Amino acid sequence: MTVDRLLDTLGLDPAKVAFERNREIVPKSAYGDTLVGEGDQVEVVHFIGGGEGHAGAAPEDDGFTVAGRRFTSRLIVGTGKYASFEQTRDAIAASGAEIVTVAVRRVNISDPDQPMLMDYVDPKAVTYLPNTAGCFTADDALRTLRLAREAGGWDLVKLEVLGDKKTLYPDMRETLKAARTLLDEGFQVMVYTSDDPILCKELEDMGCAAIMPLGAPIGSGLGLQNKVNIRLIVEQSRVPVLVDAGVGTASDAAVAMELGCDGVLMNTAIAEARDPVRMARAMKLAVEAGRDAYLAGRMKTKRYADPSSPLGGLI
């Protein structure tokens, strides 16, 4: 029997296999002339996908909810440090962010025609999240957010009370004090906090809408320096957990999402990039990829090798 007849009998497509007789490869052009007889050693091989798969669909990602509001994008971006308002607008658009943090500052009454952020970033198109950047006491933070609510009617706010100008770490005593008052006054508080799981739990139990532990000092770009603590906070929390501060590049954002965080907030990593608009797009993709990886489920780590191609049918 010729090789081509044998393959036809076996129901195999000659174009998809390689044939070996007595340890010599038979060219496809010779299948019709090469005989296979009794006693011949035959190998028929084809390509396979590596490994033994474990099927199972991951849940679809449909965004996250904070203070009863649903958002599709898990990336929150700041609006400071950009070269211009035009660049701010373009970076926000590239990031796909639906929430942007905004600082509250005095109006320059000596030049009332000076452009404002609202001229470029429509608060009806994205959610403004007033924050207390630069506040070092609870009283200053409270005053700032009360003014923000008066200016725009916003009750969803980001609270941060800083304790040190060098590290910009949060002063947790002042943060807890301000959070209690804001909640009593009807604010929905997303709170910048240390990575202490105990304090994060206290803020959640108090009624804060989201917990936002730092991954590294604000503006440092060091990436997540505290993965274990972040994971502990994620595991214990019933409200959204978003890494706030420390992200330097796209891989940092992906790592935060792979840990199970609900989102990431960043400003400097985008605004101080050589090309902020391109970096904003990269951050968008990184957050999406990290979330997909988390939902897909990471493979188990092992001490020793595990072949990716099955050994069954090995030549």
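## Helices α4 and α5

In this predicted model, Met172, Leu176, Ala179, Arg180 and Leu183 of α4 are in contact (heavy atoms within 4.5 Å) with Leu199, Glu202, Leu203 and Met206 of α5. By class, seven of these residues are nonpolar, none polar and two charged.

Helix α4 spans residues 172–184 and α5 spans residues 197–206. They pack at about 10°, with axes 10 Å apart. The two helices are therefore roughly parallel, a term for angles under 35 degrees.

## Helices α7 and α9

Helix α7 (residues 250–258) packs on helix α9 (residues 276–296) at about 30°. Their axes lie 7 Å apart. This pair, too, is roughly parallel.

From α7, Ala250, Ala253, Ala254, Met257 and Glu258 meet α9 residues, including Ala282, Met283 and Tyr294. The contact holds ten nonpolar, one polar and two charged residues.

## Nonpolar cores

A nonpolar core is a set of buried (under 20% relative accessible area, 1.4 Å probe, protein chains only) Ala, Val, Leu, Ile, Met, Phe, Trp, Tyr and Cys residues joined through side-chain atoms within 4.5 Å. The largest has 62 residues. Leu159, Val189, Ile211, Met266, Ile270 and Met283 have the most contacts inside it. Helix α4 gives the largest share, six residues.

Beyond its neighbours within four places in sequence, Val189 touches Val157, Leu159, Leu182, Leu183, Cys208, Ala209 and Ala210. A separate core has 13 residues, among them Val66, Ile76, Met190 and Ala209.

## Basis

Residues are numbered from 1 along each chain as its sequence is written. Local features need pLDDT of at least 70, side-chain atom pairs count only at pLDDT 80 or more, and totals for chains, interfaces and linings use all residues, while side-chain values use heavy atoms, without hydrogens or water.

Key. Axes fitted to C-alpha atoms, helices over the stretch in contact; angles between N-to-C directions. Helix = DSSP H or I, 4+ residues; strand = E, 2+ residues; numbered from the N terminus. Parallel < 35°, antiparallel > 145°, perpendicular 65-115°, else oblique. Nonpolar A, V, L, I, M, F, W, Y, C, P; charged D, E, K, R; others polar. Buried < 20%, exposed > 50% of the residue type's maximum accessible area, 1.4 Å probe, protein only.
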